[in-house]
Structures are given as C-alpha cells and as structure tokens.
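Here is a short report on one protein chain. It covers the model, the fold and the aromatic pairs.

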Amino acid sequence: MAAGGAARGRLRNLFDIFVAEVPWTVSSRELREYFAQFGAVQRCQLPFDRDTGFHKRYAWIKFSSPEDVQNVFQKDSHILEGAKV
C-alpha cells in the first residue's frame, strides 16, 4: 500500500505545468481564468519578488487530471496580453 501512495505522489507532479514569460500586467486570477478553458485548475502559483513587489514572470498551474494538461499542450501557442507564454 505504501508503494501505491508513493506512485500517486509522483503522478501528482504530472498535473503541473510551468508557464514562463508571463507579462507583468497579468495577475494570478487572469492566469487561472485563461487556463480554466483547458480543464479544472486546482492551483495557480505566481511568485512575487519581495523587494520589487512585482511577480517573477513565471507561474505554476496545477490541474485536476493529466487530460487537462494534455488539453493545454494541444494548442500551439498561448497568448496573454499580446505576449506568448
């Protein structure tokens, strides 16, 4: 049973995607709304720099299933506020 739990823990990472080059003007709410078209977004993490107060221009999006992640990759490019992420 412990092995199954460990396997589930590793699989959980497959539901996460890394998003780079997020425009300064995009908020975590906007990221969540955009990626929700591909599936159920569990978490949207957009880290901020404490010194500047701006986000670091990258994010992690966690989906409910690997199928949701596949839906994201079915689209050739993703454009937010005119910039490709």
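Is Phe54 buried, partly exposed or exposed? Its relative accessibility is 49%, so Phe54 counts as partly exposed. Buried means under 20% relative accessible area, exposed over 50%, partly exposed in between (1.4 Å probe, protein chains only).

## Model and confidence

This is a predicted model: local features need pLDDT of at least 70, side-chain atom pairs count only at pLDDT 80 or more, and totals for chains, interfaces and linings use all residues. Residues are numbered from 1 along each chain as its sequence is written, and side-chain values use heavy atoms, without hydrogens and water.

The chain averages a pLDDT (the predictor's confidence in each residue, from 0 to 100) of 87. Over residues 1-8 pLDDT stays under 50. Where pLDDT is low, the predicted coordinates should not be read in detail.

## Fold

Three helices and five strands make up the elements of the chain. Their order from the N terminus is α-β-α-β-β-α-β-β. These are DSSP runs: helices (H or I) of at least four residues, strands (E) of at least two, numbered from the N terminus. Of the 85 residues, 31% count as buried.

## Aromatic pairs

Rings of Phe, Tyr and Trp (its six-membered ring) pair if their centres lie within 6.5 Å; planes under 30 degrees apart count as stacked, over 60 as edge-to-face and the rest as tilted. The count comes to seven aromatic pairs. Trp24 and Phe54 are edge-to-face, because their planes stand at 70 degrees, with centres 5.7 Å apart. This pair links distant parts of the chain, 30 residues apart.

Phe35 and Phe38 form a tilted pair, 6.2 Å centre to centre with 45 degrees between the planes. Phe35 is buried at 2% relative accessibility. Phe38 is buried at 10%.

Key. Contact = heavy atoms within 4.5 Å.
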